[in-house]
Amino acid sequence: MTIEQTRSAFTGLALFGLACLSASGLAGAHGAPELDDVPEGFVKASITDRPDIQGLSSLILSAPRPGIMLRYTGKESLTVLGTKGEALLQFTRTGVSVNTASPSWEASNATPTALAADVTTSDTSAEPTWVTLSDSGSFSWLDPRLNAMADVHHQADTQKEWTIAVRRADGEVEQIRGTLMYTAYK
């Protein structure tokens with residue numbers, strides 16, 4: 001390597017370093033962007049107790065509005081009950097169907113502010129109307145019982161319990177239980 005090549009490489013390296021230093025100064029001078037309606041904390045959903053049903057597994061889907069996923073590989077059908085005790089979802093090892101007449105199904109597809117009204121005013125005596133949602137034994141949904149924005153009042157360290165009832169083919173009802181915990185950002 002000649003002295004001229006070394007001098008060129010050194011000059012290029014020095015210019016690159018100065019450019020990096022000045023760019024970070026310019027970026028820092030502008031500051032962080034201003035944001036409106038930033039939440040003061042977050043809600044975490046968790047499962048605290050699962051029924052002992054052969055082939056049933058459950059999982060919380062963490063998101064701004066938590067959801068739940070069930071997978072079922074059992075031999076007989078399993079029915080998830082809605083907030084008013086009505087049939088909501090029917091699981092088999094080969095598929096999942098929804099009762100579109102269920103107030104809970106209507107509420108799970110509503111906006112967060114409309115959830116409470118939808119569940120309390122819907123007709124729970126309607127005959128079930130089953131529609132296939134999945135050709136596997138797995139399904140995830142935004143259940144109104146996990147609607148953190150409506151149910152937890154955003155006070156530091158607020159905790160609320162939730163339950164989702166599951167009816168076996170023999171009629172026995174068991175519960176998936178959990179908590180919603182609001183935690184303020186520190």
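**Packing, sheets and polar pairs of the chain**

Apart from residues within four places in sequence, Trp 105 makes contact (heavy atoms within 4.5 Å) with Leu 88, Val 98, Asn 99, Thr 100, Leu 133 and Phe 139. The model is a predicted one, in which local features require pLDDT of at least 70 and side-chain atom pairs are counted only at pLDDT 80 or more, whereas totals for chains, interfaces and linings draw on all residues. Residue numbers start from 1 along each chain as its sequence is written, and side-chain values rest on heavy atoms, with hydrogens and water left out.

Trp 105 belongs to helix H2, which comprises residues 103-108; helices are DSSP runs of H or I with at least four residues, strands are DSSP runs of E with at least two, and both are numbered from the N terminus. Because its relative accessible area is 17%, Trp 105 counts as buried, a class defined as under 20% relative accessible area, with exposed meaning over 50% and partly exposed in between (1.4 Å probe, protein chains only). The C-alpha atom of Trp 105 is 8.7 Å from that of Leu 89, a residue 16 positions away along the chain.

The chain as a whole contains four helices and ten strands. Read from the N terminus, its elements follow the order α-β-β-β-β-β-β-α-α-β-β-α-β-β. Of its 186 residues, 34% are classed as buried. Among contacts with a separation of 6 or more, 57% join residues 24 or more positions apart.

Strands of a sheet pair through backbone hydrogen bonds, in either a parallel or an antiparallel manner. Two strands are treated as paired if DSSP finds at least two bridges between them.

Four bridges connect S4 with the antiparallel strand S5 (residues 87-92), and Leu 81 has Ala 87 of S5 as its bridge partner. Five residues separate S4 and S5, which form a hairpin, and Gly 85 in the turn has a positive phi of about 85°. Three bridges link S4 to S9, again in antiparallel fashion, with Thr 79 placed opposite Arg 167 of S9. Strand S9 (residues 159-168) is in turn joined by nine bridges to strand S10 (residues 173-184), and the two run antiparallel; here Ala 165 is partnered by Gln 175 of S10.

The other sheet described here is open and antiparallel, with three strands in the order S2-S3-S8. Strand S2 (56-61) and strand S8 (138-141) are its edge strands, each pairing on one side only. On average, neighbouring strands of this sheet are turned by 15° against each other, direction ignored. Strand S3 (residues 67-72) runs antiparallel to S8 and is joined to it by four bridges, and the bridge partner of Arg 71 in S8 is Ser 138.

Ser 138 is also reached by Ser 134, whose side chain lies 3.2 Å from the backbone oxygen of Ser 138. A polar atom of the Ser 134 side chain is 3.1 Å from the backbone nitrogen of Ser 136. Ser 134 lies in strand S7 (residues 130-134) and is buried, since its relative accessible area is 13%. Beyond residues up to four places away in sequence, Ser 134 touches Thr 94, Gly 95 and Val 96.

Two salt bridges were counted, the criterion being a side-chain nitrogen of Lys or Arg within 4 Å of a carboxyl oxygen of Asp or Glu. In one of them, Arg 145 meets Asp 143 at an N to O distance of 2.7 Å, and both Arg 145 and Asp 143 are buried. Another pairs Arg 168 with Glu 174, their closest N and O atoms lying 2.4 Å apart. Arg 168 is partly exposed, because its relative accessible area is 25%, whereas Glu 174 is buried at 16% relative accessible area.

Methods:
Axes are lines fitted to C-alpha atoms, for helices over the stretch in contact, and angles run from 0 to 180 degrees between N-to-C directions. A polar contact is a pair of N or O atoms within 3.5 Å; within protein, one must be able to donate a hydrogen and the other to accept it, and residues adjacent in sequence count only if both atoms are side-chain atoms.
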